[in-house]
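Here are a few friendly notes to read alongside the model. Please have the sequence and the 3D view open as you go.

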Amino acid sequence: MDVRGNRLYLGGCAAEDLARQHGTPLYVYEEAVIRRQCRRFKESFTEAAPDIHYSLKANPNPAILHIIKDEGLCIDAVSPFEVRLCLEVGFRPEQILFTGNNTTSEDLRYALDQGVAVNVGSLGELERLGDMNPGGRVSVRINPDVGDGHHHHVITGGPDSKFGIYHSDLERIGEIVERHRLTLTGVHSHIGTGILKPDHMLAAMEVILAAAARLPRLEFIDFGGGYGIPYRPGESPLPLEELGREMTRRFAAFCKKYGRPLKMKLEPGRFLVAQSGTLLVRVTNVHSTPGHIFVGTDSGFNHLVRPIMYGAYHQIINASAVEGDAAPVVVAGNICESGDVFTQGKSGIEERELTTPETGQVLALRDVGAYGISLSSQYNLRPRPAEVMVQDGAARLIRRREIYDDLIRGFVEGREERANSAPESVRP
Ligand SMILES: Cc1ncc(COP(=O)(O)O)c(C=O)c1O
């Protein structure tokens, strides 16, 4: 952590200055951290030389996609608009793998028309794709009956998950592929997100390799994403280098038995971008109940939903006074729901020791680069924050703050234009 004169710095810029120049709430991303994480990930799998597909659902900002492209990575896309954005950023169609779920025929048609490889996750979709594109190429997502993740909402393997063709249904895949003369290019699995221990990843890998052994003529095996980062101080990180070595060893041994080399694919999202992101919010109010000191801010779960949705922990720092007298406080947002609290634990509101915040100070919520802005909403008709990229003491705007017009654009009736009487800070 870069602290100078008791103030927090991000990418060489004082957080307070960023907040003053760009307003709050503000998402700030450190380019150097994204590049560091990309390189660490690549280096952990050097020998396997996999295609690394960034999962842009974690954060789709084109400025981030350009860094990802520059680092030589490919793309895991899950919707037609994700595909479209990546093409607009300059990724080639063959660098993109489209893995939808419960897709429409229009979704599949769009990917096919763009020349983007399609990965299907159910027998029904495989059948439909065969009807739409007989003789074409396809890969399949397998549910290995193993799942993992930081919360039950994000576990994507096992019988309670809607994702993937169960590994026990392999013969039916073969029948459909044959009937439509499809080329089955690969098998894929993704068992969940925010995983910090390798055990389940390796167990799922074994199931996928066993499935792959029964499918001739594959070109690749895709082991998905899920690589977690430690959010809480003291939490043990995923031993990525060790996991990379072990996956590489098992994959090489498999290819030897399979009779020819296959391409390994991996799909990290969170690992690459989470730690680059900080959400700066301004303290708007401090008040007490018999239970807690509530520190109110100008943001909320509309901008960072992970605490209320998953009980997720994000470190909070008083960026205006990093060290000093601390008190146990609850940090809340400005959304009209009592669950709108950033300091959540698995069973609800938690207090957190924070350098005693005062109205007007800037708080920094850390590690929000993944599933932060991408899961944000316009609830309560609050605009989404601006985003800036910082590097070597310079900041540039990479997404402007939403304005009133952005929020009401889709409404087709019932409004009458009014003279603009909104306060300057929210004026379109
Ligand atoms: C198919 C697929 N691949 C990759 C990812 C990326 O996961 P993570 O951000 O945990 O690496 C996801 C996320 O849910 C996913 O659904």
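1. The ligand is surrounded by 17 residues, and the closest are Ser55, Thr193, Gly225, Gly269 and Arg270. The shell divides into five nonpolar, eight polar and four charged residues. Here Ala, Val, Leu, Ile, Met, Phe, Trp, Tyr, Cys and Pro count as nonpolar, Asp, Glu, Lys and Arg as charged, and the others, Gly among them, as polar.

2. A word on the basis. This is a predicted model: local features need pLDDT of at least 70, side-chain atom pairs count only at pLDDT 80 or more, and totals for chains, interfaces and linings use all residues. Residues are numbered from 1 along each chain as its sequence is written.

3. Have a look at helix H2 (residues 31-44), where Val33, Ile34, Gln37, Cys38, Phe41 and Ser44 are buried. Helices (H or I, at least four residues) and strands (E, at least two) are DSSP runs, numbered from the N terminus. Buried means 20 or more other C-beta atoms within 10 Å of the residue's own, exposed 12 or fewer, and partly exposed in between, with C-beta atoms placed from the backbone.

4. Which residues are exposed on the face of H2 turned away from its buried side? They are Arg39 and Glu43.

5. Strands S22 (residues 386-391) and S23 (residues 394-399) run antiparallel, joined by five bridges; strands pair if DSSP finds at least two bridges between them. Met389 has Arg396 in S23 as its bridge partner. Two residues lie between the strands of this hairpin, and Asp392 in the turn has a positive phi of about 50°.

Notes
A residue is near a molecule or strand if its C-beta atom, placed from the backbone, lies within 6 Å of it.
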